[in-house]
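Hi,

Here is the structure I promised to pass on. Have a look at it first, then read my notes below.

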Amino acid sequence: MHNPWLDLQPIGDRLVHLDDAAYVDAFNEVVGPEHRLVTSAWPQPWAGPINTARVLILAANPGWSADDEHAERQLAPLLEENLTGDRPMFWLDPAAAGSPGSRWVRSRLLRSVLAELPDDAAENVVAGSVCLVEFHPYHATKWKPIPITLPSQQHTFSLVRARIADGATVIVTRARREWTVAVPELLRCDQLFATRSVQNVHLSARNLGPNGWEALMGRLHAVHRSYFGG
């Protein structure tokens with residue numbers, strides 16, 4: 001399965017896959033400023049080792065704020081390496097500490113998960129086994145569905161199917177309808193859970209419900225034991 005992101009060729013400050021470019025540009029012509037896709041930022045189809053992840057967190061698309069532009073320049077090597085699909089979640093890398101994305105992941109998305117795992121190995125376990133997967137990879141201030149499937153999305157959908165077939169735990173936080181149509185295998189996934197709120201993506205016992213929380217933490221505790229024993 002060829003990874004199209006290995007073919008991404010930056011042109012000046014433009015970072016859009018050639019196969020997606022016409023659709024991205026057309027979308028930006030017909031939507032308001034808050035929904036326009038950022039073409040100068042590294043695409044982020046996923047954050048984490050999607051090729052081997054034991055837990056997938058399905059989201060909509062990466063956000064964007066005034067602070068992200070500076071962070072993009074600082075994190076460019078991590079963002080580029082992330083596109084291989086093999087790198088542990090870069091938002092938990094010390095090199096990303098203090099960036100808007102790292103703060104969001106640590107304080108909102110994964111706060112309870114990191115607190116629940118034992119000792120200082122928590123971040124290594126999560127970074128190596130959890131992948132945040134975006135429905136489409138281009139940043140925007142606010143999510144708005146694109147009325148077409150971008151060519152590059154097919155690779156992401158194929159990887160999600162592969163992880164489902166391998167028994168990964170899947171948590172949907174946003175764009176559940178879009179994800180279900182794109183990856184109908186989700187309808188038959190017995191390890192599928194969803195947050196109760198699409199506004200609040202915090203992975204916690206309250207937001208996931210007891211079954212989802214137990215499945216998530218059971219998987220991560222199992223990974224921890226396989227790495228460190230106990």
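What percentage of the 230 residues of the protein chain count as buried? The figure is 53%, where buried means under 20% relative accessible area, exposed over 50% and partly exposed in between (1.4 Å probe, protein chains only).

Before you go on: this is a predicted model, where local features need pLDDT of at least 70 and side-chain atom pairs count only at pLDDT 80 or more, while totals for chains, interfaces and linings use all residues. Residues are numbered from 1 along each chain as its sequence is written, and side-chain values use heavy atoms, leaving out hydrogens and water.

The protein chain has 8 helices and 5 strands; these are DSSP runs numbered from the N terminus (helices are H or I, at least four residues; strands are E, at least two).

Now its partners (two strands pair if DSSP finds at least two bridges between them). Strand β1 (residues 46–47) runs antiparallel to β3, joined by 2 bridges, and Ala 47 has Leu 132 as its bridge partner. Strand β2 (residues 55–59) is parallel to β3 over 5 bridges, with Leu 58 opposite Val 133.

Ala 97 counts as exposed because its relative accessible area is 52%.

Cheers
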